[in-house]
Each structure stands twice: as structure tokens, then as C-alpha cells.
Amino acid sequence: MVNRKNIIPKYLLTLTQHFPSYFLPPLLFSSFFHPHSNNQTHHHSQLTKKREEKKEERGEAAASSSMESTMKGIRGDGPSVLDMDPAHTCGGGVEDFYGEDQATEDQLVTPWTVSVASGHTLLRDPRHNKGLAFAEKERDAHYLRGLLPPSIATQDLQERKLMHNLRSYEVPLQRYMAMMDLQERNERLFYKLLIDNVEELLPVVYTPTVGEACQKYGSIFRRPQGLYISLKEKGKILETLKNWPERSIQVIVVTDGERILGLGDLGCQGMGIPVGKLALYTALGGVRPSACLPITLDVGTNNEKLLNDEFYIGLRQKRATGQEYADFLQEFMTAVKQNYGEKVLIQFEDFANHNAFGLLAKYGTTHLVFNDDIQGTASVVLAGLVAALKLIGGKLCDHTFLFLGAGEAGTGIAELIALEMSKQTKTSLEEARKKLWLVDSKGLVVSSRMESLQHFKKPWAHDHEPVKTLFDAVKAIKPTMLIGTSGVGQTFTQEVVEAMAEFNEKPLILALSNPTSQAECTAEQAYTWTKGKAIFSSGSPFDPVEYEGKTYVPGQANNAYIFPGLGLGLVISGAIRVHDDMLLAASEALAAQMTEENFAKGLIYPPFTNIRKISAHIAANVAAKAYELGLASRRPRPQDLVKYAESCMYTPLYRSYR
């Protein structure tokens, strides 16, 4: 007997012959799509020629300054981001195969899986499931009668009910698990909740709660939310990537779990970070959920507690290092480009210092890569500093910066600040760096320590006598801005914060380490110890503080301000490389979103309630820079990039089904 549920209506069969990309599901349409390698080679050679002509017209050197200069120092005589070698490019790319993503909200769509989803299958498909929101006609057309209660609810009513339930949980991890369950059964409702209640739910799906979730990931694991690629898959990573059901991937967030937030090596359980980041790419930046892929590279763990935990879900072995690690990463990066094309964004997340800089330097010229810990943090902090000048006064070059922490985040922030100062003052990058000082675990980074310093710290080793403690460094350097990226809680002690207030009318204090327990100081401590003088922001959220009858609202220097908009800008422009000038463009766009009302409250970042508008402006600025640098492949360039960015953003409202 023929199963009538799997018969495609005749009108659809006719339409698919004329419009296969609209009506066929991705797995079927992919068989119709065969890029021609000769055409691709010609296309990339033309792009290369155009970029070279643009570089000659501008008279620019191959290597830019800032982080690119640091990366070039690591690479040696290797190419820069703008040096396009056809040997490092390949065809492919991403296309939107889904009719529902191209359709307007009031158009009817077909709920494709492998065939038209219906009945029990439709209710178990998170992309198309609407729960009680299925209309009467939809229940008839898709064989849902009897599978749902008779009541029909709107999406808004579903949202109110779920928010009521979430608020009833007292333990943050329970809220996290409830949100993850929702994402796995009703994707659009998950994102509507997150978008409409972003300030309330951001700490739930990301820092600080995601840190606890990663620590307990083995115990709370229910179903995979991304790809786990372990050393067992060495030699067959490309085959493993093909196991992922989606073919049109635009953004990958990948971690090896070695440095999760400020919590250290969590091995395979670091998957919570890529999952959380990509949820924000969709909710805040509008990148389609189906185009996002979380990946954990399991190369082992050195965390003895996890290795002895019966519920640990990863490889039970020490971490791979050296050539074995490098070969594994090389196979992964090659397979990603081969499977998804030149324009897939690969975001490195929470890699340890000894790997993060090398990976960014190695693959920055051959892939579209971005390290949020180095570059994203730098961009969001620079935006806050630029905005803070409205409250403090002066220019960036008038201020002195002291960092506690000289790892990925600290050196990345310092480098981007130095680049901006260099451009403003038209001085060399080396000269600009002299205004920025770093303190690591051994004290102030100075020239007398040069031989023992890691390569990424050496540009910050200035001439000064050795200083062992942060307090002594504050007294000696007298910074106007104190920035914490140490990953160690309570390191901005009372004497350090009070010292900052002694010689600054409005000391800027940024306690950026995550999660909240690892923050260098709390908002209450900063305001109390400076007697209300401090301008304070942190990496994780703090509640408003009452001090002597006045309410102080702490800011949050959250990378979520930057990376969703940056990613959207790269996607809509078809960018094939990330350049430092794009990070500056993102910072400028974020700082420009500040209003006088925000400044009156002492804020240096705009409220998250406007984050999708902010992301659209950041995306437009980043895309404009990509076109300017000759790194954009999507033609023709849209006239109004802000409107174009907004039009490309995913919306979570339910669609009506045929």
C-alpha cells in the first residue's frame, strides 16, 4: 500500500521542475548543483587581479599594522591577509537552499525535511514544529489531528507561558537546560524568546551560566547539538563533516576545550561554548540557524578530574600536542574549506594561548577565520573606550593603559588600541604601544624579561625597572584605565582600586574575565572603593549598585555586541578574509550607537534591547570595509548596506504551511 503522507502533490512536482532551488529540500537540490571548477578558478583569478590593482592604486604595503603585524611576525615572511594566492583559494561557498528563508513572513512555505514533514515527524522536527500554534487547516493538511490537544495558541501566548515557567526556576542551570530543551523541540520559539527577552536570557544561554553547564556537560548531556570530531576521526574528518545534515553552512564556531572561559581545560565538554555562541549569532546577528555549525575538536584533556569522571563524554587520554595536534588541525581546516567553500566563517573559540595565536597567524591568510578571544574582545573593548572618552575627556593617545593579564584577550585588546592610536596620531605602531603596559603572573612585562617572554608578549616589553605586583605597577605607571583579562577573580584588590581613584577623577575599571566568579572585582566593590567615581564595566553582568543614595548601572563589555554583527557583515558581503580594519569598523559602529541618555547614566555600551539594530549597523560597516579592501565577493554591492543587512536577518516568527 502506498503511504499517502510521502506523496508530493502534483502541483509541487510541476513547480520543482521549474524552480528546484525553491521547492526541493537541500539534500535533493544538492544533487542538481555542480560547480564548474574551471569557472571557479577563473573567478578567483579575476578577484586576485582586482585586489592587486586596488593595492597598487592605494600604494599600501602587503601587511597592515596591529594584530596583522603581530601575526605576520609569527608567520615570518609568509603572506598577509590581503595577499591572495590562488593556491589557497577554492570554489564552493554557501547558498540559501531553503524556500522558507527566502519567502516573506506571509507567504506559505512547505515544511521540508527529506520529504514533506507531517504527523508525528513534523512535531519532532524543531525547525518546523509550532506546538499548539498549528492552525486548523494545517492540522488537517499535515495529519496532526489527535496528535495535539484541540486548543490553538498564538506564538505570543506560548512565549508568555514559557517565560513564566523559566522565571519560576531558582537555579540558573535549570533555566539553561529548559532553554536547550526548547531549542531542540521548537527552534523558532526558542529564538523569539531570546530576541524578545535578550537582557534576561543572555546570561542564561551564555556567560555566566554556560560556564557551569560546560563543567557539568557530561551529566546534563541529552542529545548532540553539534559535531564532535575526535582523534578517532583522524584521516576521515571530511567524511565526518558530511555526516552533518545541513549543506549550506555559513558560520562555524570551533573549540578544542582547553581554555573554557576562566575555567580551564574542560575537554570535550566545552561544546556548550560553540552552541551558545551560535545561538547568539542567530538571535543577535540574524544568521540562519540552519547555516550555523558548532564543532568540538576532542584531542584529549589534561583535566584529571574529568578523566576520572564516569560521566565524562570525551576521549579519556592526555591532550595531543606538537605535530600530532598541528596535523589534526590542518586536516580539519582543509576539510572545512573543501566541504563548505571559501566563504564559510570559522570562529576559533577558547583555544589556549600557546595554540590560539599560531592558529590565527597560520590560517588568517588562507581561510576566513576569526578569534573572538583575541579579536572580538579587542573590538568590543575599544568601542567602550572610545565611548568612555565622552565621560572622561581627551583622546585615546592622552591616556595610559594598564592590563592585568597578558594572554589572548589582553594582548589582542592592547594591539587594537595601539592601531587606533597610531591611525589617529599618524605615528608608528611601536610608538603607540608605549602607552600600554601589561602585567602577567610574573609582574610588569618589561624589556629585561625579553628572553623569557612568549612571542606575543614581546611587543609590550617596555624599558622599566622590574615590578612584581599589580599594586606596585599601578603606583609606578599611574594608568587612567585599568583592564582585567587575567581569568582570576578578586585580583583588583581594594588597595589597587583605591590607588586608581587617587590620581584619576574618573578612573575607568574594566573587569572583563568570565564567568562572574572570575571577575577581577565586582561592580559594588568598584563603586564603593572609588566612592562612586569609577566608570565600570565587566565581562559578565552585574546588578545595579546603590551607593550613598545614587544608583549606578554597570556596563557589560560583552563580545556579543560585536561578533554577531561582524559575522553577519562577513556573510552578506561574501568576504573571504578577515582584516584588522574590519574590527576597527565594528568598534566604530558600536561606539556610534551610544546616545546622550546612555552617557547620562554613566554607560559606555548601549542597552542590549537594541542589539539587532546595533548588529545591522556593525554588519554594514564591516561589509563596507570588506568592499573597500577588495575582500568582498558578493556583487553588485548593495546601495544601502544597513537596510540590506536588516533584510538578510533571520526572523523567528512562525510561518504558515501549505
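## Strands β6 and β7

L404 stands opposite V439 in β7. Strand β6 (residues 401-404) and strand β7 (residues 436-440) pair in the parallel sense over four bridges. Two strands pair if DSSP finds at least two bridges between them. Strands here are DSSP runs (E, at least two residues), helices are runs of H or I of at least four residues, and both are numbered from the N terminus.

This is a predicted model, in which local features need pLDDT of at least 70 and side-chain atom pairs count only at pLDDT 80 or more, while totals for chains, interfaces and linings use all residues. Residues are numbered from 1 along each chain as its sequence is written, and side-chain values use heavy atoms, with hydrogens and water left out.

## The sheet

β6 and β7 belong to an open sheet of seven strands. The order is β8-β7-β6-β9-β10-β11-β14, with mixed pairing. β8 (443-444) and β14 (555-556) are the edge strands, and each pairs on one side only. Strands of a sheet pair through backbone hydrogen bonds, either parallel or antiparallel.

Strand β10 (residues 508-511) is covered on both faces. L508 and L510 lie on one side, I509 and A511 on the other, and all are buried (under 20% relative accessible area with a 1.4 Å probe, protein chains only; exposed is over 50%, partly exposed in between).

Strand β9 (residues 481-484) runs parallel to β10, joined by four bridges. M481 has L508 as its bridge partner in β10. Four bridges also join β10 to strand β11 (residues 535-538), again in parallel. There, A511 stands opposite S538.

β9, helix α24 (residues 494-502) and β10 make a right-handed β-α-β unit. β10, helix α25 (residues 523-529) and β11 make a right-handed unit as well. Right-handed means that, with the strands pointing away from the viewer, the path from the first strand over the helix to the second runs clockwise.

## Helices α21 and α27

Helix α21 (residues 408-425) packs on helix α27 (residues 580-591) at about 85°, with axes 11 Å apart. Axes are lines fitted to C-alpha atoms over the stretch in contact, and angles run from 0 to 180 degrees between N-to-C directions. The two helices are therefore roughly perpendicular (65 to 115 degrees). L416, L419, E420 and K423 of α21 make the contact with D580, D581, L583, L584, S587 and E588 of α27 (heavy atoms within 4.5 Å).

## Whole protein

The protein has 30 helices and 14 strands. Of its 658 residues, 59% are buried.

Conventions
Parallel < 35°, antiparallel > 145°, perpendicular 65-115°, else oblique.
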